Amino acid sequence: MTDTASRGRGRPRRTESADTRDRILAVAREEFSERGYEKTSVRGIAKAAGVDSSLVHHYFGTKEQVFEAAIEVAFAPALNAPAALADGPPAEVGERLTRFIFGIWENPTTRTPLLAIVRSAVNNEAAAAVFRRLIASQLLRRIASQLDLPDPELRAELAAAQIVGCAMLRYVIKVEPLASADMEQIIARVAPVVQGHLTGP
């Protein structure tokens, strides 16, 4: 019996290096960033990573699951947003959250994968479903859990909508004058609205 037959198709060899999964995930992030969800395939990810496509399925499952694993890593900086709410007086929570999220968008290193995520979510329902699930379970619910007020989840979603909407216009659609406006000016105008959603009546 061959080694492949004994292992079963898609199973990594015992001698497979420990970083194979990480390499596949890194390639998947690049592929989704450059090509978007629609044009990225498991076969393409496998080819770029130098592995068989069955190995990608073994580690991650379906294309949707590969996408979810890839964007979770790319979205990781934004998941620290709830900490920004807790670190300071309640009267300044809107500014802290707004400044934190826009700080991620302003950084080219973190902006590039976020742009890929947003574009994929806008253009494909499967990608949008993954994005919604990640946002709801790992970000908005954590923010809502810190709000000791009525309708905490709605408040968190409205605050996020305010910031994400501005980010879409500035970084994705690039509407002027918002696209080239000074960041401090944007924060000064957006933060009070976010504050109202999070702590207002």
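Reply: Happy to! Helix H7 (93-106), helix H8 (108-123), helix H9 (125-144) and helix H10 (152-172) each supply at least two residues of the lining of the largest pocket; helices here are DSSP runs (H or I, at least four residues) numbered from the N terminus. This is a predicted model, in which local features need pLDDT of at least 70 and side-chain atom pairs count only at pLDDT 80 or more, while totals for chains, interfaces and linings use all residues. Residues are numbered from 1 along each chain as its sequence is written, and side-chain values use heavy atoms, with hydrogens and water left out.

Of these helices, H9 gives the most to the lining, with eight residues. On a 1 Å grid over the protein atoms alone, a pocket is an open set of points where a 1.4 Å probe fits, with protein on both sides within 12 Å along at least five of seven lines, and lining residues have an atom within 4 Å of a point. The space in the largest pocket comes to about 550 Å³, a volume being the space filled by probe spheres set on the points, which are joined across faces, edges and corners.

In total, 27 residues line the largest pocket, and Phe75, Phe131, Ile135, Ala160 and Val164 lie nearest its centre. By class, the lining holds 25 nonpolar residues, two charged and no polar; Ala, Val, Leu, Ile, Met, Phe, Trp, Tyr, Cys and Pro count as nonpolar, Asp, Glu, Lys and Arg as charged, and the others, Gly among them, as polar.

One of the lining helices, H7, also meets helix H11 (residues 183-199): their axes come within 7 Å and cross at roughly 130°, with axes fitted to C-alpha atoms over the stretch in contact and angles running from 0 to 180 degrees between N-to-C directions.
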